[in-house]
Amino acid sequence: MSALAHVFERAGLATVGISLVRGQAEDGRAPRLLHVDFPLGRPLGRPSDPDFQHRVLDAAFALLPRADVPVLVDFPESIVDESDGPLACTLPPRSDPSSHPAVDEAAGLRAAYERQRAAAGRTGVARLGGPERIPELVVAFTRIADGAPPEEAGLAPEEVPLGGLDVRAYYEEAALALVDHVPAARQAESWLYRRTEVGRVLVGARDALRAAEHPRRVWSVLVPVGQPGE
Amino acid sequence: MIDRGIRDRYEHIDTFDHGDPAATVAPPLAEARVAIVTTAGLRPDGVGAWADGQGYVVLDGPARDLTLAHASANFDRSGVAADLNVVHPADRLAEAAADGRIGSVAPRHLAFMGAQLDHTLTTLRLDTGPSAARLLLDDGVDVVLLTPV
């Protein structure tokens, strides 16, 4: 982001940026940055809190008159992620005992996912064919977790991280529909990886691919840094 | 608190030396046209995988059906899923313009993807970045708000 600030300022555009990693902001020496000690992924701080977001923007825009660049100012409020407190989110009961528990679980969340998709008017399940492909992806990851190479499980190696992100988006969007508030940062993620069958499958798939010495780019995205077994 | 460990890991990474920063003087904010340029890898085409390298995509001002195509797993994604404004505060800019706190909102915003593996960012510095600047200047933009994810 700092590179863009340098390019834009030289072209005649004034810039102000929001920083989430202070050391990178210091090293990049962008002209005007507001550093926020907010969760990664939430540079405006609080979703669905317009007043808070305006305070962040006002603090950023207040740097524009500064000519003593580079300027790096800290926003006075902090927000921490709550990964240690997984979202309390009720999972649907088993409906098809003959199927793998992860596949059954994913199918049971489809209605919640669709409610959130309709409410938001958008979805992050957009890499490998949309929500219709989620059951197939979950089956593939169960096979990979059991030791099958990606191709035998029905995925090209380069599709593995994309499929993982699709499954994660499906679960996190479903979770939003199952609670009556916007979760704190990483609560939905921790619910997925620490409370669900699919989370266990993704961790198992990551472990199996790593043990089989597949390139890091194939498996590293399946489980975020800091989640179980990382 | 996973973010603390990730920040420690990535606090200092290889960074291109851009030299002393230039500083363009903006007009008064109440007269300025503001655009958002995010490095969150947002896309307007429903495609959830970023395939544009150090390039950028254009986000029409009214568009809200944007997809987070950033490749990293290591940040919270539920915030963006719940409220796009947490990375792309287009609604907040519209409110600021209506209140007269900024002059106007640009007709188009832009998205790049951060976390590029090539820290020299040669294509961005010499090609796509200047191209993006020209697009914004053609739209009468005075101020760019840069947001990460």
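How many residues does the contact take from chain A and from chain B? The contact takes 70 residues from chain A and 67 residues from chain B, where two residues are in contact if their C-beta atoms, placed from the backbone, lie within 7 Å.

A word on what you are looking at: this is a predicted model, in which local features need pLDDT of at least 70, side-chain atom pairs count only at pLDDT 80 or more, and totals for chains, interfaces and linings use all residues. Residues are numbered from 1 along each chain as its sequence is written, while chains are lettered from A and ligands numbered from 1 in the order in which they are written. The predictor gives the complex an ipTM of 0.95 and a pTM of 0.95. For chain B the average pLDDT (the predictor's confidence in each residue, from 0 to 100) is 94, and 100% of the residues score at least 70.

**Where the chains meet**

On the side of chain A that touches chain B, the elements giving two or more residues include α1 (2-11), β1 (14-19) and α8 (159-178) of chain A. The largest share, nine residues, comes from α1(A).

| Class on the chain A side | Residues |
|---|---|
| Nonpolar | 42 residues |
| Polar | 15 residues |

Two strands pair if DSSP finds at least two bridges between them. Here A14(A) stands opposite V143(B) in β7(B).

**The build of chain A**

Chain A has eleven helices and three strands; these are DSSP runs, numbered from the N terminus, of H or I over at least four residues for helices and of E over at least two for strands. The C-alpha atoms of chain A fill a box of roughly 65 × 40 × 30 Å along the principal axes. Of its 230 residues, 53% count as buried, meaning that 20 or more other C-beta atoms lie within 10 Å of a residue's own, with C-beta atoms placed from the backbone.

Within chain A, β2 (residues 32-37) and β3 (residues 71-78) pair in the parallel sense over five bridges, and D37(A) has S78(A) as its bridge partner in β3(A). Together, β2(A), α3(A) and β3(A) make a left-handed β-α-β unit.

**Helices worth a visit**

In α8(A), 18 of the 20 residues are buried, so this helix is largely enclosed by the rest of the structure. At 1.5 Å a residue, α8(A) should span 28 Å, and its end C-alpha atoms are 29 Å apart, which agrees. The expected span is 1.5 Å times one less than the number of residues.

Next comes α9(A), mostly covered, with seven of its nine residues buried. Among them are W191(A), L192(A) and Y193(A). The buried residues of α9(A) pack against α8 and α10 (197-211) of chain A together with α2 (78-82) of chain B.

Finally, look for F141(A) in helix α6 (residues 134-145) of chain A. Is F141(A) buried or exposed? F141(A) is buried, because 28 other C-beta atoms lie within 10 Å. Leaving out residues up to four places away in sequence, F141(A) touches V201(A), L202(A) and A205(A).

Technical notes: Ala, Val, Leu, Ile, Met, Phe, Trp, Tyr, Cys and Pro count as nonpolar, Asp, Glu, Lys and Arg as charged, and the others, Gly among them, as polar. A crossover is right-handed if, with the strands pointing away from the viewer, the path from the first strand over the helix to the second runs clockwise. A residue is buried if 20 or more other C-beta atoms lie within 10 Å of its own, exposed if 12 or fewer, and partly exposed in between; C-beta atoms are placed from the backbone.
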